[in-house]
Amino acid sequence: MGANVSRQDDLTKNEFLCKFVGKEHVPVEDSMFWESFLKFHIAFPTNSQEQLSLDSRLESTCQSFITHNLLTGNLGSLISVFRSKVIELLALSDQESTLHVWQSFNALFIIRTLVKYIVETGSEYQLLQHFEAMSMGKRESVTKQDEESTSETNSLTVDGSKFESFLEAIVHIIVVIPVKDFTYHLHLEAVNNLITLLSVHLYSSQSTEKSSIYRAIYKCSHGNTLMSALLHFVSRRTQMPQSMFGVNSGGSFVFGIAESLWSMLTFRKSQDILLGADLVNTFRDHFPLANQSLLLILILTNHHSSKENLYRYSLFNCANASEAEQSKDPISFKIDFSVLYNTLCQIITIDQATLLLYLLLHRNQRFYKFVMAQPDLQNLVIPILQTLYHAPDSTSHHIYMSLIILLILSEDDGFNKSVHQIMLKTITWYTERSISEISLGGLLVLVVIRTIQYNMLKMRDKYLHTNCLAALANMSGQFRYLHPYVAQRMVSLFETLAKKHSRLDNLLKQPANGVSLDVQTSKEDMLQDLSVLEEVLRMVLEILNSCLSHQLLYCPNLVYTLLYKKHVFENFRSHHAFQDIIQNIDMVVGFFSSRLQRVQEQRGELGVNEVLEVISKGASQWSSDRLRKFPDLKFKYVEENEPQEFFIPYVWTLVSKCGCIHFSSESMKGIITETIVNC
């Protein structure tokens, strides 16, 4: 440290660091020490593995800090120095502020390292003690009554004033100082400090409502501008600069990082490569400020979700900066929705982006309407379909959120119409069958049906296939020009489920004499499976009926498939759960069968195109009034009670898995620990 480059191996031998964590108090006024101490260069950890490596090298140093700081108060001195640097930064020009930015970053990096160690090994109260600790001499000058208890750490008062002033300085960095190449890492470190402070929840069994740190963060008077700044960081997706603090590697303000590591940090790939299969890592490594800001947004909005939460309010009430606001509803801040939308389209295949999109679509009506009006919806929908298509490669949480987004989109009739008007050429990732051209709506139906079948075979999750079917049901009244393969897959879905239903039904009808208890239990499971199957079969029939009732004229391929596969409905005509709706399908099949028979008697055997021609002519003469009326299929997503039980463990799993900070799982508490460890 000091003026020379420091490798991680040299940290424990550095004289400035040893003095800071040692027995000697370093006063704020010792400017020579602080100027030298904060001019250090260190290999900055850019991912959790590098963070873990640094943590292991710093453990003895952190232990020395814990042993001495309550008597020296050196952390408090560092925080005071840091605050003064930030205050001065706001008044300096770019050229004048480079040194201050560098030193402020270094101070923040040290503070985060120490805070993280205390959070993982101690308690929140101990952390606040270290924030507020004064030197022995200063305490004696404040009150003579402390003379008898200067060695008793529990006697330290914790009023949180120094912590709150530190928090305010961090927020000022994020919301006041503009992001430029030479400030990029300072902003990143400020965001990382907030995440680290909030991680106290992972290591405490008490609710966040009782946490002093959470109370301070959630009562922050700058909450609205903080959320605005964080969302702008995500939206702009600024790439990490090639140099730190705006100086090339030959200058004096650059980290002394080994050449191989530096190459990794500054390696720029083309946009196409960055958006490849390993998007989680490339987004974290090349756009760390956007990545960490996105994770922080998710933390702030999902905690305290059932109480007054300024961060949630701010996110859910932001408006489009490029449009005049017509509504009288309150606006928290403005952001360019088109830039935000384009960014989300680029990164939507990663969990944290999917979760942010869910929050915006579900809770921000302005953003929802904006998305519904976009002519290039395929840029958003296709990546979501890719996630579902590659379901085995994704977490169940990611699959759920992707499906819920499709369900929310399908609640809009305009969306359901437009997806069938957007035509796509060859979809290379869809490998089950080569399709030269298909509508976006057709592709959506194919992928959702595939997800249902995958779920029925592998996951057996009722909640998942309910959302799948609800999205298809919402769209069914607008199905148009379905590709022949899409029509086949819709009817094949019913056929596959019908065969499974028949097998289960036959097994249950077998004599139960002499059956063991285990088999009886198994039959109870089979009865439950049969009930679920019947719900799914009924919904598939309702989807087919909805399409025939509203769009028969525009779906000749579906009619063709129903004629070809009419035998699959035979066993259900007399079933009490299906017979009413199958009557409609039988009526359609009967009408077109008779027309085909008459034409065949005149012309002889018909080819596929001739059959479709007959169907199209017959459809123009068909009247849907012949069919029995059923209520329109309209499903709306409703968030379950206590959503934080799902979202909070999910968010912290993403922070641990996709962020650049490593959090030790050894002392974590509760269900979050299990989720993070299992991920």
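This is a predicted model: local features need pLDDT of at least 70, side-chain atom pairs count only at pLDDT 80 or more; totals for chains, interfaces and linings use all residues.
Apart from residues within four places in sequence, Gln103 is in contact with Glu35, Leu38, Lys39 and Lys85. One of these, Glu35, also takes part in a polar contact: its side chain meets the side chain of Gln103 at 3.1 Å. Gln103 sits in helix H5, residues 94-121. Is Gln103 buried or exposed? Its relative accessible area is 0%, so Gln103 is buried.

Now the chain as a whole. There are 679 residues, and 56% of them count as buried. The secondary structure comes to 31 helices and four strands. If we take contacts between residues at least 6 apart in sequence, 75% of them join residues at least 24 apart.

On to the core. The largest nonpolar core has 224 residues. Which residues have the most contacts inside it? They are Phe20, Ile174, Leu356, Tyr358, Val371 and Leu385. The helix that gives the most to this core is H26, residues 517-551, with 13 residues.

In general, two packed helices are described by the angle between their axes and the distance between the axes. For helix H11, residues 223-236, and helix H17, residues 337-347, the axes come within 8 Å and cross at roughly 60°. H11 and H17 are therefore oblique to each other. On the H11 side the contact is made by Leu231, Val234 and Ser235, and on the H17 side by Val339, Leu340 and Thr343. The crossing of H11 past H17 is left-handed.

The second pair is helix H21, residues 396-410, with H24. Their axes are 9 Å apart and the packing angle is about 25°. Angles under 35 degrees count as roughly parallel, so that is the description for H21 and H24. H21 also passes H24 in a left-handed crossing. From H21, the residues in the contact are Ile399, Tyr400, Leu403, Ile404, Leu406, Leu407 and Ser410. From H24, they are Tyr463, Leu464, Asn467, Cys468, Ala470, Ala471, Asn474 and Met475.

Ile195 lies in helix H9, residues 184-198. It has 0% relative accessibility and so counts as buried. How far apart are Ile195 and Leu296 in sequence and in space? They are 101 residues apart in sequence, and 6.2 Å apart from C-alpha to C-alpha. Leu296 is among the contacts of Ile195, along with Gln292, Ile299, Trp652, Val655, Ile661 and Phe663, leaving aside neighbours within four places.

The other one is Ile615, in helix H29, residues 608-621. Its relative accessible area is 1%, so Ile615 is buried. Ile615 and Phe592 are 23 residues apart along the chain, with their C-alpha atoms separated by 6.6 Å. Beyond residues up to four places away, Ile615 touches Pro556, Val559, Tyr560, Leu563 and Phe592.

Last, some backbone geometry. Most residues other than glycine have a negative phi, and most peptide bonds are trans. Arg237 has a positive phi, near 50°, and is not a glycine. Where does Arg237 lie? It is in the loop between H11 and helix H12, 259-266. At 16% relative accessibility, Arg237 counts as buried.

Tyr481 is the other residue to look at here: not a glycine, yet with a positive phi of about 50°. Its loop runs between helix H24, 462-476, and H25. Is Tyr481 buried or exposed? With a relative accessible area of 54%, and the cut-off for exposed being over 50%, Tyr481 is exposed.

How values were computed: Residues are numbered from 1 along each chain as its sequence is written. Side-chain values use heavy atoms; hydrogens and water are left out. A nonpolar core is a set of buried Ala, Val, Leu, Ile, Met, Phe, Trp, Tyr and Cys residues joined through side-chain atoms within 4.5 Å. Buried means under 20% relative accessible area, exposed over 50%, partly exposed in between (1.4 Å probe, protein chains only). Helices (H or I, at least four residues) and strands (E, at least two) are DSSP runs, numbered from the N terminus. A polar contact is a pair of N or O atoms within 3.5 Å; within protein, one must be able to donate a hydrogen and the other to accept it, and residues adjacent in sequence count only if both atoms are side-chain atoms. Contact means heavy atoms within 4.5 Å. Axes are lines fitted to C-alpha atoms, for helices over the stretch in contact, and angles run from 0 to 180 degrees between N-to-C directions. Angles under 35 degrees count as roughly parallel, over 145 as roughly antiparallel, 65 to 115 as roughly perpendicular and the rest as oblique. A crossing is left-handed if the near helix is turned anticlockwise from the far one by less than a right angle, and right-handed if clockwise.
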